[in-house]
Every structure is written in C-alpha cells, then in structure tokens.
Amino acid sequence: MTITSILTYILALFLIAFTLFNLYATMTAKKRKQISSASFKVLCNEIEKELIKLQKGKGLNFSYVKRMANDQNNVIIFVKDLDKKFAAIAMKDDIKLFSFSDIKDVKTQYEKSNKKILSAKVDVTINDETWTYTFASKPFNPKGIIGKVIYETTEEFAQELKAIKG
C-alpha cells in the first residue's frame, strides 16, 4: 500500500464519521425542538385558559396576543383589548390586568459585562407598582443567534407597552 491510498482510506473514514455525527446531531436537534415546542404549547395553554376566564369574567375581548418565553422556559403572554383599552400580562400563576392609562413607565434593563450581557429585563410601572419581567438571567452574546432573539423579544415587549402607555 502506498501512502496515498492510506491517506485516502483515512480521509474516507474521517468523512464517514463526520457525516454520521452530523446525521446524529440533526436527528437529536429535531427531537429537542419538538419536545421544547410541545412544552411551550402546554405552558401557553395553561396560561391562556386563565386568560379566557379573566376575559369572560371582565367582559373583555383580547384581540391581540403576544406569546414570549425567557431563558428559564417561563412563558409570558401579553394581551390587549383595544376597544376597552385594557391589557394583561400573564405568567404561570400570575396575571396582571390593567388599563392602558395605568401605565406610568416602561424601561428595559441590560446588565453588561465585557462583551456579554448578563441579564435582560423589562420594568413596567403601573400606578405605583413596578413589575419586572426577566427575559434573560444567564449571560449571552448579543451578536449570537440566541442573543439576538432575547434582545428582539425584550425590545418588542417594551415597545408594545410604550405604544399603549397613557
């Protein structure tokens, strides 16, 4: 056997191993995505049932719904009734209902360290009470895929609240 044929066999074995690893990674990623999607839907359904009870009890019609999740797999659902000017922010076992005019202030907070962002939060002041919604509690790179999603979600939520601020 020549060195060329030995290198060819080694390269072929390496490529086969690399292909098998990529197939395994793809298959497990799909399974993880399906599991997390199903978990997200279950959590959303639990919260949405409570929002429907609130909606019927108060005679509201939540025509706008925004579903969000943070890095701790907690679901945050923001709903609005544009006609009666009411909104609600719901998490598991916690629903805050308020009128648009009750919003006094909305602030985003990013705790930074070097090139990492350590946390991302939105502070909502309703009357004299401030509620904090955490979207990231673990360090993340703001230029990475997850970092961009966390940043966009945090900013969109804050903008939605600022848009209805009375």
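β6 and β7 form a hairpin with two residues between them, and asparagine 127 in the turn has a positive phi of about 50°. The strands here are DSSP runs (E, at least two residues), as helices are (H or I, at least four), numbered from the N terminus. This is a predicted model: local features need pLDDT of at least 70, side-chain atom pairs count only at pLDDT 80 or more, and totals for chains, interfaces and linings use all residues. Residues are numbered from 1 along each chain as its sequence is written, and side-chain values use heavy atoms, without hydrogens or water.

Strands count as paired if DSSP finds at least two bridges between them.

| Strands | Sense | Bridges |
|---|---|---|
| β5 (residues 103–113) and β6 | antiparallel | 10 bridges |
| β6 and β7 (residues 129–136) | antiparallel | seven bridges |

Threonine 108 has valine 122 in β6 as its bridge partner. Threonine 125 has threonine 130 in β7.

How many residues of β6 are buried? Eight of the 11 in β6 (residues 116–126) are. Buried means under 20% relative accessible area, exposed over 50%, and partly exposed in between (1.4 Å probe, protein chains only).

Isoleucine 3 lies in helix α1 (residues 3–58). Isoleucine 3 is exposed, because its relative accessible area is 65%.
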